[in-house]
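Hi everyone, thanks for coming. Let me put the structure up on the screen so that we can walk through it together.

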Amino acid sequence: MTVDASPQKKGPAARLAGLWFGVPLWQRIMGALVLGAIAGFALGDQTAVIKPIGDVFVRLIRMLVAPLVFVIIASGVAQLGDPKRLGRIGVKTVGMYIVTMLIAVAVGLTLATLIQPGLGAAVAGAAPEALAAAKSPTELFLSIIPLNPIKALAEGETLAILFFAILVGVATIIAGEDGKPLARGLASASSVMLKIVALVMELAPFGVFALIAVVIGANGAKTFVHVFNLALCVILGALIQTIITHGLIVRLLARLPVIPFFRGSADAIMVGFSTASSSATLPVAIRVAEQNLGVKPPVASTVLPLGASIGMDGTAMYVGMLTVFAAQAFGVPMTLADYAIVLIITPLLAIGGGPVPSGSLFVLAAVLGAIGIGAEQTALLVGFILPFDRILDMIRTVPNVTCDLSVSTAIARWEGELDVEEFKSAKDV
């Protein structure tokens, strides 16, 4: 009797699944983004019924941030094997983030000065919206040290989690042989967390579709009629900072080709754009850095979580733009000294803005106050910006994400912690 060893034909569901998973994830996300925008324009407010789908996706991502940051950082520091090396990487990381934010502010100030988006803006007719004061440098510094690490994990306080995780990693190194079981456990936990990230990311196309459809449906294209020039500034600024500044970091500092970098970063860019949150994008950015760009865990696990907290290129750029916008709208002349003040203080305040949606607006009052724009005028400006800030926030989150990935790539290259062949292949996963 002859046995037919040929494989059974796949059913329709299996063939459909094969087609779906055969498309690179970033392409599925991009397609969902385009379809979501079309649905938002076509259905308008009716898109509110699918809002829970986007909310579920964002909650899943945010669920992973605190535990992922802790195990990834603690494991990465333990793998470094030398606390001095950690200090060297930390100094390079902070230094590069400050430089990129200074460039971002300069880009924002220059574009807003040339395009003049504030001239003729009907800010006075907006309903005022008060803002909470930005944290002072002292408050920001003290918040890094958690009174209760478990509470910091529960509340998602990224800087506090980062601080405690570094302590655990350093102590694991110092403990020597006694610390090796914990180091292996942390490495295992890191691998498991990244697998969870991969599973959650398969839901990204559906989440992105819902998020974009709801935002477009609620705001519509006509919202931008009143702020077209400001939107143009944000788009141009994000493009300049992402393609030129971060591209040059990869090309000149890391001595690597730029196209594989952007191709490998696509998943994180799409998630950053749709969620408008650097913090929510962190799990995806870590996965992208390690699996697409060839950045090894000791660097990815230390540079990227730090960047999600202090690498705020988009925020710095936008606050610089809004400062000039406000000065033009209220007829307040800006001197060279005013430009210098904004350039210097904005990066410091942007660090305290938080990697959350619309975080830029919470540092705006301090910058505007420094050039003589009062609290009442600031409230009017925020009331004018808020109706469409979510869409602009999505755009300016992209340079935050590419900044983190370009800096981690450069530092990994300098530290000998980059798989160059894997980077150049920039495979889609």
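I'll talk about some helix pairs and then about a cavity.

Before we start, please keep in mind that this is a predicted model.

Let's begin with helix α2, residues 25–43, and helix α12, residues 266–275. Their axes come within 8 Å and cross at roughly 30°. Angles under 35 degrees count as roughly parallel, so α2 is roughly parallel to α12. As for the handedness, α2 and α12 make a left-handed crossing. Which residues of the two helices make the contact? From α2 we have Leu25, Trp26, Ile29, Met30 and Leu33, and from α12 we have Ala266, Asp267, Met270, Val271 and Phe273. Sort the residues in this contact by class and you get nine nonpolar, no polar and one charged.

Now please find helix α10, residues 228–253, and helix α15, residues 313–330. Here the axes come within 10 Å, and the crossing angle is roughly 145°. The crossing of α10 and α15 is right-handed. On the α10 side, you can pick out Leu230, Cys233, Val234, Gly237, Ala238, Gln241 and His246. They meet Asp313, Met317, Tyr318, Met321, Leu322 and Phe325 of α15. By class, that contact between α10 and α15 has nine nonpolar, three polar and one charged residues.

The next pair is α13 and α14, and we will come back to both in a moment. Their axes are 10 Å apart, and the helices pack at an angle of about 160°. Are they roughly parallel or roughly antiparallel? Angles over 145 degrees count as roughly antiparallel, so that is the word for α13 and α14. This crossing is right-handed. The α13 residues in the contact are Ser278, Leu282, Ala285, Ile286, Ala289 and Glu290, while α14 brings Pro297, Ala300, Leu304, Pro305 and Ala308. The classes here are nine nonpolar, one polar and one charged.

That leads us to the cavities. How many cavities of 30 Å³ or more are there? The count comes to two. Helices α13 (278–291), α14 (297–310) and α18 (375–414) each supply at least two of the lining residues. Which helix gives the largest share of this lining? That is α13, with four residues. By class, the lining of this second largest cavity has five nonpolar, two polar and one charged residues.

How values were computed. Residues are numbered from 1 along each chain as its sequence is written. This is a predicted model: local features need pLDDT of at least 70, side-chain atom pairs count only at pLDDT 80 or more; totals for chains, interfaces and linings use all residues. Side-chain values use heavy atoms; hydrogens and water are left out. Axes are lines fitted to C-alpha atoms, for helices over the stretch in contact, and angles run from 0 to 180 degrees between N-to-C directions. Angles under 35 degrees count as roughly parallel, over 145 as roughly antiparallel, 65 to 115 as roughly perpendicular and the rest as oblique. A crossing is left-handed if the near helix is turned anticlockwise from the far one by less than a right angle, and right-handed if clockwise. Contact means heavy atoms within 4.5 Å. Ala, Val, Leu, Ile, Met, Phe, Trp, Tyr, Cys and Pro count as nonpolar, Asp, Glu, Lys and Arg as charged, and the others, Gly among them, as polar. On a 1 Å grid over the protein atoms alone, a cavity is a set of points where a 1.4 Å probe fits but cannot get out, and a pocket is an open set with protein on both sides within 12 Å along at least five of seven lines; lining residues have an atom within 4 Å of a point. Grid points are joined across faces, edges and corners, and a volume is the space filled by probe spheres set on the points.
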